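Subject: Structure handover

Hello,

Here is the structure we talked about handing over. Please open it alongside this note; what I found follows below.

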Amino acid sequence: MDPASEVIAGATAAESRHLISGSGITSPEQSIALEVDAVASPSLRDPRVNAEVLVIHPPTFSANSCLVVAEPDRHAGVDALLTTWFGADDVLIAPLIARGDVTDSPQSLLESRPGRMISVVAGAGSLMMLLAAWMVRRSDFALYRLLGAEVGALTAGLCLEATVLVVAPQLATSAFTFCAFPQMHSGAGLESALLAVGQLLASDLVAVPLGIALLFIKNPFSLVREGT
């Protein structure tokens, strides 16, 4: 074992094995004799540590960051010590929340966010606007069919019109929002942005078959009767 390593006995392990600083024990994994350097105080945060004997080795590499968890009644002193060592700008102090204390998961918060309805309302509004614009042109569509225009050509025109009037502005707005807010570039923010864009495009896809149905609402020969 590295001479610089230290052997720390947990409180329960020390009590059950009658260990004190300087006691000798044998490592079952390595079959070597170890000498206890210190007995740790009982840990309320992680009771498993109390029943263990830990061999602490000196670091062999540099770390970019580390997590320090302090006992509830000692966090003030630990916080002050870390701030003194590393500087206030390099230390982030936050409370430790136990898993059982978390009532809302990130996924549930994402699904219940108020803003999730914005894309739905925007998509429905765009759909209604597009259908209203096509509805008032039913006679135009009937006239095109009377003049020999094929349904495929009219459908292509509807798709082009929907792309220019609705899809392109929606994608441009989404791209601008994505670039303006860096928090949307990963994690839940990225998932939320992709979900919103998907909802908008889904409403656009619904508009196309409804627009094709409008092509057949009015009989082209009714225009002849109306003209006479």
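Start with Thr155, which touches Ile212 and Leu215 once residues up to four places away in sequence are set aside. Thr155 belongs to helix α6. Thr155 counts as buried because its relative accessibility is 16%, and the limit for buried is under 20%. One of its two partners, Leu215, is listed among the buried residues of α7.

Confidence

Keep in mind that this is a predicted model. The mean pLDDT of the protein is 78. A score of at least 70 is reached by 83% of the residues. Strand β4 (residues 38-39) has the highest mean of the elements, 89. Helix α8 (residues 220-227) has the lowest, 55. Where pLDDT is low, the predicted coordinates should not be read in detail.

Overall layout

The protein has eight helices and five strands. Their order from the N terminus is β-α-β-β-β-β-α-α-α-α-α-α-α. There are 228 residues, and 24% of them count as buried. Take the contacts with a separation of 6 or more: 71% of them are between residues 24 or more positions apart.

Helix α7

Helix α7 covers residues 187-215, which is 29 residues. From first C-alpha to last, α7 reaches 44 Å. That is close to the 42 Å expected at 1.5 Å a residue. The buried residues of α7 include Gly189, Ser192, Ala193, Leu200 and Ser203. Asp204, Ala207, Val208, Gly211 and Leu214 are also among them.

Leu190 is found in α7. Leu190 counts as partly exposed because its relative accessibility is 29%. Beyond residues up to four places away in sequence, Leu190 touches Phe178, Met184 and His185. Phe178 is twelve residues from Leu190 in sequence, and their C-alpha atoms are 8.6 Å apart.

Leu201 also lies in α7. Its relative accessibility is 32%, so Leu201 counts as partly exposed. Leu201 is in contact with Val167 and Leu171, leaving aside neighbours within four places in sequence. Gly123 is 78 residues from Leu201 along the chain. Even so, the two C-alpha atoms are separated by 7.8 Å.

The salt bridge

How many salt bridges does a search of the whole structure find? The search finds one. The pair is Arg137 and Glu161, with the closest N and O atoms 2.7 Å apart. This pair links distant parts of the chain, 24 residues apart. Arg137 sits in the loop between α4 (116-135) and α5, while Glu161 is in helix α6 (residues 151-180). Side chains of opposite charge can pair when their charged atoms come close. Arg137 counts as partly exposed, because its relative accessible area is 24%.

A nonpolar patch

Leu143, Tyr144, Leu146 and Leu147 make a nonpolar surface patch of about 370 Å². Leu143 lies in helix α5 (residues 138-146). Leu143 counts as partly exposed because its relative accessibility is 37%.

Backbone notes

Helix α2 (residues 75-86) has twelve residues. Its span from first C-alpha to last is 16 Å, close to the 16 Å expected at 1.5 Å a residue. Just after α2 comes Gly87, with a positive phi of about 95°.

His18 also has a positive phi, near 55°, and is a residue other than glycine. Most residues other than glycine have a negative phi, and most peptide bonds are trans. Where is His18 placed? His18 is in the loop between α1 (11-17) and β2 (24-26). Is His18 buried or exposed? His18 counts as exposed, because its relative accessibility is 69%.

Best wishes

Technical notes
Residues are numbered from 1 along each chain as its sequence is written. This is a predicted model: local features need pLDDT of at least 70, side-chain atom pairs count only at pLDDT 80 or more; totals for chains, interfaces and linings use all residues. Side-chain values use heavy atoms; hydrogens and water are left out. Patches are made of residues with over 30% relative accessible area and no salt bridge: like charges are joined within 9 Å, nonpolar side chains (Val, Leu, Ile, Met, Phe, Trp, Tyr) within 5 Å. Accessible areas come from the Shrake-Rupley method with a 1.4 Å probe; for residues, only the protein chains shown count as cover. A salt bridge is a side-chain nitrogen of Lys or Arg within 4 Å of a carboxyl oxygen of Asp or Glu. Helices (H or I, at least four residues) and strands (E, at least two) are DSSP runs, numbered from the N terminus. Buried means under 20% relative accessible area, exposed over 50%, partly exposed in between (1.4 Å probe, protein chains only). pLDDT is the predictor's confidence in each residue, from 0 to 100. The expected span of a helix is 1.5 Å times one less than its number of residues. Contact means heavy atoms within 4.5 Å.
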